[in-house]
Amino acid sequence: MRAITDSATMLRRQIRHMWRYPTLILTYAGVPVVLLLLFVYVLGGIMGAGIGGDRAAYAAYLTPGIMIMTIASAAQARWAWSPGTWPRPATCRCH
């Protein structure tokens with residue numbers, strides 16, 4: 001039960017953080033949509049025929065990969081901007 005409440009707390013903090021920085025909303029939601037539209041409508045006909053289907057079959061094939069890529073990039077971005085992640089040189093006056 002504690003894992004559920006901890007997950008809800010982290011989700012609430014992440015949503016609050018996203019509302020403070022609207023570019024995160026654009027990045028987290030807009031980039032996957034643009035990639036999906038690009039790959040499905042520009043390459044969908046040719047690539048769908050290559051996997052033995054049509055554009056819809058290619059979209060069904062492509063969507064899980066784009067979702068995993070989005071989740072991984074969001075997790076990486078969250079990790080990269082966490083305090084204490086990158087060691088600062090001794091000469092850095094950015095405290």
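**View 1. Ser73 and its place in helix 3.** At 39% relative accessibility, Ser73 counts as partly exposed, a class that falls between buried (under 20% relative accessible area) and exposed (over 50%), as judged with a 1.4 Å probe on protein chains only. Ser73 is found in helix 3, where helices (H or I, at least four residues) and strands (E, at least two) are DSSP runs, numbered from the N terminus. Although Ser73 and Thr27 are 46 residues apart along the chain, their C-alpha atoms are separated by 9.9 Å. This is a predicted model, in which local features need pLDDT of at least 70 and side-chain atom pairs count only at pLDDT 80 or more, while totals for chains, interfaces and linings use all residues. Residues are numbered from 1 along each chain as its sequence is written, and side-chain values use heavy atoms, with hydrogens and water left out.

**View 2. The protein chain as a whole.** The protein chain has three helices and zero strands, and from the N terminus on its elements run α-α-α. The chain has 95 residues, of which 16% count as buried. Among its contacts (heavy atoms within 4.5 Å) with a separation of 6 or more, 31% are accounted for by residues 24 or more positions apart. The accessible surface of the protein chain comes to about 7,800 Å², and 70% of this belongs to carbon and sulfur atoms; the areas come from the Shrake-Rupley method with a 1.4 Å probe, and for residues only the protein chains shown count as cover.

**View 3. Thr70 in helix 3.** Thr70 is found in helix 3, which spans residues 55–80, and because its relative accessible area is 19%, Thr70 is buried. The side chain of Thr70 reaches the backbone oxygen of Ile66 at 2.8 Å. Once the neighbours within four places in sequence are left aside, Thr70 is in contact with Tyr28 and Pro32.

View 4. Five residues make up the largest nonpolar core, namely Val40, Tyr58, Ala59, Leu62 and Ile66. Helix 3 gives the most to this core, with four residues. A nonpolar core is here a set of buried Ala, Val, Leu, Ile, Met, Phe, Trp, Tyr and Cys residues joined through side-chain atoms within 4.5 Å. Leaving aside neighbours within four places in sequence, Ile66 is in contact with Pro32, Leu35, Leu36 and Phe39. One of these partners, Leu36, lies in helix 2 and is partly exposed, with a relative accessible area of 27%. Leu36 and Ile66 are 30 residues apart in sequence, yet their C-alpha atoms are 7.3 Å apart in space. With neighbours within four places again set aside, Leu36 is in contact with Leu62, Thr63 and Ile66.

**View 5. A nonpolar surface patch that includes Met47.** Leu38, Val42, Leu43, Ile46 and Met47 make a nonpolar surface patch of about 480 Å². Patches are made of residues with over 30% relative accessible area and no salt bridge, in which like charges are joined within 9 Å and nonpolar side chains (Val, Leu, Ile, Met, Phe, Trp, Tyr) within 5 Å. Met47 lies in helix 2, which covers residues 22–50, and its relative accessible area of 41% makes Met47 partly exposed. Ala57, whose place is in helix 3, is partly exposed as well, with a relative accessible area of 29%. Ala57 and Met47 are ten residues apart in sequence and 9.4 Å apart in space, C-alpha to C-alpha.

**View 6. The salt bridge between Arg2 and Asp6.** The structure holds one salt bridge, a term that stands for a side-chain nitrogen of Lys or Arg within 4 Å of a carboxyl oxygen of Asp or Glu. In this bridge the side chains of Arg2 and Asp6 meet at 3.4 Å, N to O. Both residues lie in helix 1 (residues 2–20), where Arg2 and Asp6 are four residues apart, about one turn of the helix. Arg2 counts as exposed because its relative accessibility is 65%, whereas Asp6, at 37% relative accessibility, counts as partly exposed.

Definitions and conventions
Polar contact = N/O pair within 3.5 Å; in protein donor to acceptor, adjacent residues only side chain to side chain.
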